[in-house]
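This report covers helix packing and aromatic ring pairs. The structure comes before the description.

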Amino acid sequence: GETQEGSTQTMLPSCLTPCKYKIENAAPIFLPCPKTTMLKAARAVCAVYKPLYPTLSTELVYAGIILHDVAKTQELTVGDIGLASAYSEKGQLLGHINMGMAMVERAAAELMTSEQTTMLLQHMLLAHHGVPEFGSPRPPMFPEAELVSQIDVLDSKLFEMFDALASVPVGGFSERQWALDNRQLYKHGHE
């Protein structure tokens with residue numbers, strides 16, 4: 001479809017396009033896809049907890065990390081060069097969680113995935129924002145869903161913090177960060 005700027009909307013695989021979208025001072029900014037970072041974090045967390053809880057399904061955790069934002073690129077209007085300029089009409093009306101649910105349903109049917117596995121994957125999509133205030137209709141209700149939600153929150157908060165501190169001098173404080181509970185952040189200078 002056509003965007004307001006007249007460029008053609010591009011649908012790229014979510015692993016090749018930016019997965020986070022942010023507008024500051026009316027300028028679109030694309031951020032790198034966090035899935036590889038989140039998968040590394042999931043592997044590390046699972047390595048700690050799997051020996052303590054042998055029934056923890058690392059496969060479900062990894063699948064949840066990969067699929068949690070599967071419809072994010074459809075939620076955004078993306079131009080020819082891969083820059084998001086706004087939320088798409090479908091994104092505004094349905095949101096990436098609902099669109100992702102439908103995508104998982106279709107793929108699971110095509111792959112003849114069990115109803116149980118499909119339901120668990122869909123729950124992880126529904127619950128990955130953790131609470132209703134952040135868009136999740138259900139809280140995480142099993143350990144793998146909790147891990148996906150917490151890793152997503154950690155990834156998002158670390159990005160926001162490092163982004164906010166990038167232009168702050170050592171010993172200084174950032175502006176208040178709305179996405180971080182309106183906190184000011186301190187740049188300490190230790191590496």
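The model is predicted: local features need pLDDT of at least 70, side-chain atom pairs count only at pLDDT 80 or more, and totals for chains, interfaces and linings use all residues. Residues are numbered from 1 along each chain as its sequence is written, and side-chain values use heavy atoms, with hydrogens and water left out.

Helices here are DSSP runs (H or I, at least four residues), numbered from the N terminus. H5 (residues 115–127) and H6 (residues 143–165) have axes that come within 9 Å and cross at roughly 35°; axes are lines fitted to C-alpha atoms over the stretch in contact, with angles from 0 to 180 degrees between N-to-C directions. On the H5 side, His 123, Met 124 and Ala 127 make the contact (heavy atoms within 4.5 Å). Glu 144, Ala 145, Val 148 and Ser 149 are the H6 residues in this contact.

Two aromatic pairs turn up in a search of the whole structure. Rings of Phe, Tyr and Trp (its six-membered ring) pair if their centres lie within 6.5 Å; planes under 30 degrees apart count as stacked, over 60 as edge-to-face and the rest as tilted.

| Pair | Centre distance | Plane angle | Class |
|---|---|---|---|
| Tyr 49 and Tyr 53 | 6.3 Å | 15° | stacked |
| Phe 173 and Tyr 186 | 5.0 Å | 45° | tilted |

Phe 173 and Tyr 186 both lie in the segment after H6, so their pair ties together parts that are 13 residues apart in sequence. Phe 173 is exposed at 54% relative accessibility, while Tyr 186 is partly exposed at 43%; exposed means over 50% relative accessible area, buried under 20% and partly exposed in between (1.4 Å probe, protein chains only). Tyr 49 is partly exposed at 39%, and Tyr 53 is exposed at 51%.

Conventions. Helices (H or I, at least four residues) and strands (E, at least two) are DSSP runs, numbered from the N terminus.
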